Amino acid sequence: MSALVLIGFGIVALMQIPGLVQKQWWRELICFVLLWSMGLVFSLMVSMGITLPPLTTIINETITGMLGI
Amino acid sequence: MSLENGKISSFQLSVLIIGFIFGASVIIAPGQGAGHDAWMAIALGLTEGLLIAWIFTALARHFKGKTLVEINSLVYGKILGNFISVLFIWYLFHLGALVLNNYSRFLELELYPATPKTLTLILIMLVCASSVRRGIEVLARCSLILVTLTILMAIFDTLLVVPHMDLHNLLPILDIPIGKLLWTSHATAIFPFGDAVAFLMVLAFVNKPEKGRSAVFKGVLIAGLVLIGVAVRNAAVLGQMNAIYTYPTYITAQVIDVGDVLTRVEVLVAINLITMGFFKISVAYYGAVLGLAQVFNLRSYRPIILPIGILMVILALTNVSNTAEMFDFANNGYPIYTIPFQIAIPLITLLVAKLRKLPQIGGDQA
C-alpha cells in the first residue's frame, strides 16, 4: 500500500515540478512542495494504519460539549 | 494579474448555485429532524438562507470583481486580512472534505459495499480536480446540462411515486415543539442554503456584477422550492418512517414499482447525488485553491490543485469515525460551527468596509 502511495505521489511530482522549474516559478514550487509533502506524510500514515484524529468529530464534540447540545 | 480569466453569466451562476445546493442534500435530507414537518423547516430555513445570501451578496456588490480574499486584504490589511482569508479557506476545504465523506459513505452503504472507500474518493477527486483546473467557466457550463437533467429526474421520480403518496402523512402540521422546529430550520438555513457563501470566491467572475445578487437569490429560491417539494414527497410516501431512514430520498425512490417492469429506479437518485455532489465539491475545492493562491500571491492556482485535492481526500477519509457521527455533526455541530464563516465574516467585513468608507474611488481599492 505504501509503495502505491509513493508511486502516486511520484507521478504527481513529475507532472508538476519540471514545468515549475522551467518557468522559474519558485514561489509556486515552494507552495506545491509544502502541500505535496504534507499530503505524502499523511497518506503514508494512513496507508501504514496509523489512525489520524477525526477532526470533524473533535470539532463536533467541542461545540456540542461547550453549548450542552 | 487575475488568477481566473473566465467569466460566467448570471444565468449560469443561478444554475451552478442550484447544483451546489442540491449537492449533499440528496444524501442528508434537509429538515429531517422535523419529521413530517420537514417541508416547513425547509421553508423557514430558506427564509434565513436568503438573509445569509443577502449579506454575502451585499459584500460582493460593494467590492465588484473581487474575491473574498482580495476584499479581506483591502478591508483589514495584509496580515489580518490573510488570517481571516485562511480561516475562510479552511471552511471551504473542510466543506469539500465533508461532502466527499458523505458521498463515499453513501456509495459504500448503498451501492458499492465491496469497493474500497479510498478508491471512490480518489476517482471523484480526480474528476473535480480536472474541472477546477479548467476553471469556473467549464464548471458553469457543465451545470447547465447536469442540473437540468437532475431536475427532470426528480420530476420523473415524483410522478412515478404519486400512487404511493398519502397526503394524510403530512398531518398533523406543527406536530413538533416550536424550539425543535426553529433549530431544524436554522440547521437547514446553514446547510444547504448558507453554504452558498462559498460563492464569494466566484461572484467576482460574473460578467454583469450588478446581476450577481438576483442570480444568487434565484438559485437559492429555486433550489429551496425543489427541496420543499422533495420533502413533501418523501413525507407523503414514507410517513413517520421518514425521520428514521438514513437516506429518505433514496428509500422513497425504492418504492417505485410500475407493473413489476420499472423498478430499482433509486439508481436515478444515486446519479443525482453523483452529479450534484460533484458541483458542491468542485465549487468548494475551487474556492479553496483559488483563495490559497491569492493569499500566497501565486501566478497560477493550477500547481496546487492536486496537493489540495490529496489533502481533501485524506481529511474525508479520517473526518469522522462512522455515519452516525456524520449525521450528528450535520444536525448539531455544523449549524453553530459555520456561523462565523457564513454570517460573521461577510457581515463584519461589510460593516468595517462601510465604516472605513471602502472601496475608495481612485484610492486603495485598486
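Two rings of Phe, Tyr or Trp, with Trp represented by its six-membered ring, count as an aromatic pair if their centres lie within 6.5 Å; planes under 30 degrees apart are called stacked, over 60 edge-to-face, and the rest tilted. I start there, with the aromatic residues of chain B.

By that rule, B:Phe88, B:Tyr91, B:Phe191, B:Phe329, B:Tyr334, B:Tyr337 and B:Phe341 make up one aromatic cluster. Before I go on: this is a predicted model, in which local features need pLDDT of at least 70 and side-chain atom pairs count only at pLDDT 80 or more, while totals for chains, interfaces and linings use all residues. Residues are numbered from 1 along each chain as its sequence is written, chains are lettered from A and ligands numbered from 1 in the order in which they are written, and side-chain values use heavy atoms, with hydrogens and water left out.

Back to the rings. Over all chains the structure has 15 aromatic pairs. One of them joins B:Phe329 and B:Tyr334, edge-to-face, with 5.6 Å centre to centre and 70 degrees between the planes. Are these two residues buried or exposed? Buried means under 20% relative accessible area, exposed means over 50%, and partly exposed is in between, using a 1.4 Å probe and protein chains only. B:Phe329 has 4% and is buried, and B:Tyr334, at 5%, is buried too.

Next, the helices, and one in particular. Helices here are DSSP runs of H or I with at least four residues, strands are runs of E with at least two, and both are numbered from the N terminus. Which residues are buried in α3(B)? They are B:Leu68, B:Val69, B:Ile71, B:Asn72, B:Leu74, B:Val75 and B:Tyr76. Their cover includes α2 (38–62), α4 (78–111), α10 (266–295) and α13 (339–355) of chain B. After α3(B) comes B:Gly77, with a positive phi near 90 degrees.

A loop residue is next. B:Asn242 sits in the loop between α8 and α9 (248–254) of chain B, and B:Asn242 is buried at a relative accessible area of 3%. Leaving out residues up to four places away in sequence, B:Asn242 touches B:Gln32, B:Gly35, B:Asn234, B:Ala235 and B:Pro248, where contact means heavy atoms within 4.5 Å.

Now the charged pairs. Side chains of opposite charge can pair when their charged atoms come close. The rule for a salt bridge is a side-chain nitrogen of Lys or Arg within 4 Å of a carboxyl oxygen of Asp or Glu. Over all chains there are 4 salt bridges.

One of these links B:Asp195 and B:Lys280, at 2.9 Å from N to O. B:Asp195 is in the loop between α7 (178–193) and α8 (212–238) of chain B, and B:Lys280 is in helix α10 of chain B, so this pair ties together parts 85 residues apart in sequence. B:Asp195 is buried at 0% relative accessibility, and B:Lys280 is buried at 1%.

Another salt bridge is between B:Arg264 and B:Glu266, at 2.5 Å from N to O. Here B:Arg264 is exposed at 57% relative accessibility, whereas B:Glu266 is buried at 2%.

A further one is formed by the side chains of A:Glu28 and B:Arg299, 3.2 Å from N to O. A:Glu28 lies in helix α2 of chain A and B:Arg299 in the loop between α10 and α11 (305–318) of chain B, so this pair joins two chains. A:Glu28 is buried, with 1% relative accessible area, and B:Arg299 is partly exposed at 37%.

That takes us to the interface. Chain A puts 31 residues into the contact and chain B puts in 33 residues. How much area do chain A and chain B bury between them? The value is about 2600 Å², with 74% of it on carbon and sulfur atoms; buried area is the accessible area (1.4 Å probe) that two parts lose on being put together, summed over both. The count of salt bridges between chain A and chain B is 1.

On the chain A side, α1 (2–23), α2 (26–47) and α3 (55–67) each supply at least two of the residues that touch chain B. The most comes from α2(A), with 12 residues.
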